[in-house]
Structures are given as structure tokens and as C-alpha cells.
Amino acid sequence: MATSYEKIYSSFLRKIEDKNLPQLEEDEQEEYLLGFLESALGMIEMEGFTTPHNLSDRDDGLAEFADDLDYGEIEAISLYMVVAWYEPVVNSLQFTISMLGSREEKWTDQSTHLRRVHEVQEDCRNRASKLFRNYRYTHNEYFN
């Protein structure tokens, strides 16, 4: 049985508030969400996480994974999508601060906002990483 991208997108969308998303056409929304999914899967791969289900075995045309992913896998992937979603926000704020200077009285709020956004992004990354670590331990043949 397969897992549709829609299941993962739904989990992701419950974690964010993106006012621009409803303004996009349906095919643009799909492309937007697929970009975050691909980034999330890239992060998972680069961090060396493995799951019993092959996350590479998917069909973007059908918008589904070949395997039936567990809820834990869906949750962890959607958290990595949140990390990817924050990336342009963090980069945009860093660029603005570096281009316009850092006058204490003008940019304190923006600098604080950037720091908080980055903290939330790192919290999501840590939560997703812990989910994969815990998943690996609970599904390890050695312990079962």
C-alpha cells in the first residue's frame, strides 16, 4: 500500500501558518509543497537517518511513496518540511539585517525576531532528529 504526499502535506500544514499558500493556484501549491518535501528528504538523507520504509521509492507524478509509511515517519518528515519552510525566512532576515546595518535602536526587534525564528527552526530540526532516532531504536531487530 502507498502513502500519498497529501498525508505528509496535511501534517506539515498543521504545523505552519502560511498566508501566501492559499493565494497560489493548485499546481503552484503542489510545486511549493513538493519543494519542501524534497528539501526535507534531502536533510534526512544527509543526516544519515534510515527507516524500514524506503523514502527514495516514490513517484512524484502520482504524488506518493511506494511504501505505507508509519505515523512516526510522516511526523518526522513533516517536521523536516517545517525546517525547510523556515529556511527562506531566516535567510531573508539575515540578508536584510546585513544589508541595512545593525543600528541598535532600529534593528533590535528584527534581530530578536531572527534569533527567535532560528530557535524555532532548530527546535523543529531537533524534534525531527529525535523522532528518527527513537524510531530506529524501537524498530531495531536487536532490541526486539
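Phe36 counts as buried because its relative accessibility is 9%; buried means under 20% relative accessible area, exposed over 50%, and partly exposed in between, with a 1.4 Å probe and protein chains only. The model is predicted, so local features need pLDDT of at least 70, side-chain atom pairs count only at pLDDT 80 or more, and totals for chains, interfaces and linings use all residues. Residues are numbered from 1 along each chain as its sequence is written, and side-chain values use heavy atoms, with hydrogens and water left out.

Tyr32 and Phe36 both lie in helix H2, 4 residues apart, about one turn of the helix. Tyr32 counts as partly exposed, because its relative accessibility is 27%. The whole structure holds 6 aromatic pairs. Tyr32 and Phe36 form an edge-to-face pair, at 4.8 Å centre to centre and 80° between the planes. Rings of Phe, Tyr and Trp (its six-membered ring) pair if their centres lie within 6.5 Å; planes under 30 degrees apart count as stacked, over 60 as edge-to-face and the rest as tilted. The pair of Trp85 and Tyr86 is also edge-to-face, because the ring centres are 5.1 Å apart and the planes stand at 70°. Trp85 and Tyr86 are both buried. Tyr5, Tyr9 and Phe65 form one aromatic cluster.

The chain as a whole comes next. Its secondary structure comes to 4 helices and 3 strands. Helices (H or I, at least four residues) and strands (E, at least two) are DSSP runs, numbered from the N terminus. Along the sequence, the pattern is β-α-α-β-β-α-α. Of the 144 residues, 35% are buried. Among contacts with a separation of 6 or more, 73% join residues 24 or more positions apart; contact means heavy atoms within 4.5 Å. The accessible surface of the chain is about 9200 Å², and carbon and sulfur atoms account for 49% of that surface. Such areas come from the Shrake-Rupley method with a 1.4 Å probe; for residues, only the protein chains shown count as cover.

Ile8 lies in helix H1. Ile8 is buried, because its relative accessible area is 0%. Leaving aside neighbours within four places in sequence, Ile8 is in contact with Leu37, Phe65, Leu69, Ile74, Ile77, Ser78 and Met81. From Ile8 to Ile77 the separation is 69 residues in sequence, but 7.2 Å in space, C-alpha to C-alpha.

Two loop residues follow. Leu21 sits in the loop between helix H1 (5-13) and H2. Leu21 counts as buried, because its relative accessibility is 9%. Not counting residues up to four places away in sequence, Leu21 touches Leu13, Gln29 and Tyr32. Leu21 and Leu33 are 12 residues apart in sequence and 9.3 Å apart in space, C-alpha to C-alpha. Ala63 belongs to the loop between strand S2 (58-59) and strand S3 (64-65). Ala63 is not a glycine, yet its phi is positive, near 55°.

The largest pocket has a volume of about 160 Å³. A pocket is an open set of points on a 1 Å grid where a 1.4 Å probe fits, with protein on both sides within 12 Å along at least five of seven lines; lining residues have an atom within 4 Å of a point. Grid points are joined across faces, edges and corners, and the volume is the space filled by probe spheres set on them. In the largest pocket, 13 residues form the lining, and Leu41, Ile44, Glu45, Leu55 and Ser56 lie nearest the centre. Helix H2 (residues 26-46) gives the largest share of this lining, 4 residues. By class, the lining has 5 nonpolar, 6 polar and 2 charged residues. Here Ala, Val, Leu, Ile, Met, Phe, Trp, Tyr, Cys and Pro count as nonpolar, Asp, Glu, Lys and Arg as charged, and the others, Gly among them, as polar.
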